[in-house]
Amino acid sequence: MKWLDRVLILLIAFCSNGASANCQAQYDLSLDTKMTLGEGEINTQVVNLSGVITLKHLFDDESGVWWAIKGDEMSMAGVEGHLFSRAHEVPFAFHLHNEAGLDSFSFPKGLSEVDKAKLKGLAYFFQTSYEVATNVVERDAFGVYRASYIDGGDGKLLKQKGHYEQRTDGTEGRIQSLSVRYFSHEIDPRACMFAQLKGRETVLFKLFDGSESMETEQMVELTQRNDVRPSDLDILAWPVEDWPVAIADDIAQFDDRGQLSSELLGLITSPQLENMSVTDLVVHLEQLDLVLEEIPALLTSHEISNKAEMRLLVSLGVVDSENVQRALTQILTDEDRADLLRFRAVRALTVGDGPLSSSVEEVLIELISEGVATDDMALASSFILGVGTMIERRGAHHDIEPLLSALLSGLTNASQPTDQISMLNALSNARFDGEIAMLEEYLSSEVEAVQIAAIGTLAQADREDARGQLFEKALRQHDEPITVQVAALNALVGKSLSDKDVEQVVALVNSPADNRVRLASLEAITAQIDEMPHLQETLRSMLEKESCRECFEAIVKALH
């Protein structure tokens with residue numbers, strides 16, 4: 001998914017209660033997004049999305065209201081110039097539930113998932129209450145939260161956003177942490193949606209892929225127009241699936257391949273490359289997608305700085321087109337390339353979440369079997385781990401079975417503990433949920449690190465047989481090493497445990513076991529407090545006799 005798409009998709013978020021029948025309104029939109037992220041150094045970019053949004057009531061149903069929405073004259077402006085955004089101009093519809101916020105969308109046929117996600121961001125603006133209210137259920141691209149609307153004076157409402165109670169499917173595996181640092185929107189309500197919405201939101205989130213945290217600050221203003229312009233919504237009728245999709249690329253592209261190659265060469269050799277924001281670099285690369293397979297040759301014939309190379313490879317990963325995938329795979333398989341560049345190519349391939357091209361998948365399967373040609377064991381291991389991440393990230397849009405089968409074959413054929421550990425960790429990254437019998441050999445390995453890696457893979461299977469295996473390790477039924485026991489206890493954190501399970505773990509805390517085991521047991525117990533509130537009393541009783549400082553602090557933290 002494109003970087004700018006991600007920002008616009010993830011960060012536009014508001015909610016609603018409905019409005020009167022036959023309502024039609026038009027708004028001027030201005031959305032300024034300031035992004036601060038780290039890639040070895042702090043990097044700040046500002047992007048403005050602007051245009052005209054038309055909203056039209058379609059019909060009421062038993063649970064809420066269906067609305068049609070369309071953007072016109074949509075454009076994005078950043079430090080690199082002013083760009084039209086045709087993908088934001090496709091008409092579509094959304095449903096506002098009377099009690100559950102924006103709960104459904106309907107799109108024209110043939111629209112990509114990426115473009116659907118962009119459009120959803122526009123619809124979230126129109127979830128808003130028309131009166132003072134608390135605990136209003138709303139949702140955005142991150143998940144479900146509750147909002148409050150307080151009297152702001154002069155007939156206006158001030159909206160405050162609470163924490164997320166439920167995350168959207170797919171985000172929990174990608175977003176490690178998410179917090180709303182600041183949120184305040186002022187709304188001037190009218191019978192037909194609102195006269196104006198304006199405000200600011202600051203969000204901080206960190207991904208699981210090891211990248212730096214990212215803070216975004218948005219300033220939004222939607223003002224209802226008095227001079228309503230003609231809109232295609234005036235002539236469109238249900239069903240939405242039959243509405244036209246006429247999306248040009250966001251940026252007008254050149255037809256002359258030679259001119260595109262010249263543009264790419266100029267970009268790669270530009271002294272400004274290392275100072276360009278990822279957002280703007282992605283926009284440039286998307287324009288040049290037809291010739292991006294030339295990048296490996298350009299990196300051979302033209303030397304660029306380390307900082308520029310890093311920024312280029314990250315941006316290519318965000319673009320994630322078939323041409324990019326082939327270019328990155330070519331870099332990875334070229335043993336004459338620097339190992340750092342090849343490592344960056346691996347990491348770039350783990351960024352995207354779309355389907356892999358068949359030719360790239362074939363190369364990856366061959367590399368899993370034959371290994372990456374390198375003397376750098378870190379690169380070889382990073383590749384295998386990266387394949388696991390690709391399986392997890394691309395699974396929604398790609399048949400992962402060939403890659404998963406290749407990993408399982410690689411594990412079966414691996415004779416060295418280091419290779420076994422890499423394969424097991426890759427299966428863990430892939431969230432392997434297959435037959436546990438395939439892991440038994442490694443769960444009983446003589447090498448502790450192999451057992452620990454197998455436990456990490458086993459923890460991905462949310463089934464009774466997997467939980468039973470973890471408990472065997474946690475209770476040392478086969479005299480497992482302490483490190484293996486601790487790994488098994490850590491794997492139980494977040495699992496649903498029975499009363500009997502918890503009793504057994506409590507017994508470990510109260511035993512004269514190694515403090516590492518007791519601390520891991522405490523963490524497994526405290527993760528169950530929401531489901532078993534009576535455990536608070538159990539923990540309080542432990543405080544009086546606890547002599548381990550780390551265990552004492554863990555109990556206090558859990559109780560507060």
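Search the whole structure for aromatic pairs and 8 of them turn up, where rings of Phe, Tyr and Trp (its six-membered ring) pair if their centres lie within 6.5 Å, and planes under 30 degrees apart count as stacked, over 60 as edge-to-face and the rest as tilted. Select Tyr-27 and Phe-126 to begin: the ring centres are 5.5 Å apart and the planes stand at 55°, so this pair is tilted. Tyr-27 belongs to strand β1 (residues 24–38) and Phe-126 to the loop between α2 (113–123) and β7 (133–139), so the pair ties together parts that are 99 residues apart in sequence. Both Tyr-27 and Phe-126 are buried, a label given under 20% relative accessible area, with exposed meaning over 50% and partly exposed in between (1.4 Å probe, protein chains only).

Before moving on, keep in mind that this is a predicted model, in which local features need pLDDT of at least 70 and side-chain atom pairs count only at pLDDT 80 or more, while totals for chains, interfaces and linings use all residues. Residues are numbered from 1 along each chain as its sequence is written, and side-chain values use heavy atoms, with hydrogens and water left out.

Zoom out to the whole chain, which has 20 helices and 12 strands, taken as DSSP runs numbered from the N terminus (helices H or I, at least four residues; strands E, at least two). Of the 560 residues in the chain, 51% are buried. Among contacts (heavy atoms within 4.5 Å) between residues at least 6 apart in sequence, 66% join residues at least 24 apart. The chain exposes about 25200 Å², of which carbon and sulfur atoms supply 47%; accessible areas come from the Shrake-Rupley method with a 1.4 Å probe, and for residues only the protein chains shown count as cover.

Next, select residues 92–97, which are strand β5: 5 of its 6 residues are buried, so β5 is largely enclosed by the rest of the structure. Then show the side chains of Phe-92, Phe-105, Phe-107 and Tyr-124, which form one aromatic cluster.

Two charged side chains come next, each sitting over a ring in the sense that NZ of Lys or CZ of Arg is within 6 Å of the ring centre and within 35 degrees of the ring normal. The charged end of Lys-161 lies over the ring of Tyr-145, 4.7 Å from its centre, and that of Arg-200 lies over the ring of Tyr-182, 4.0 Å from its centre.

Finish with the cysteines. Which cysteines form a disulfide? Cys-23 and Cys-192 do, with their sulfur atoms 1.6 Å apart, the criterion being a pair of cysteine sulfur atoms within 2.5 Å. The torsion about their S-S bond is about 65°, so the disulfide is right-handed. Cys-23 lies in the loop between α1 (3–11) and β1, and Cys-192 in the loop between β10 (175–189) and β11 (194–207), so the pair ties together parts that are 169 residues apart in sequence. Both Cys-23 and Cys-192 are buried. Now select Cys-548, whose sulfur is 3.2 Å from the closest cysteine sulfur, in Cys-551, too far for a bond. At 6% relative accessibility Cys-548 counts as buried, and at 0% so does Cys-551.
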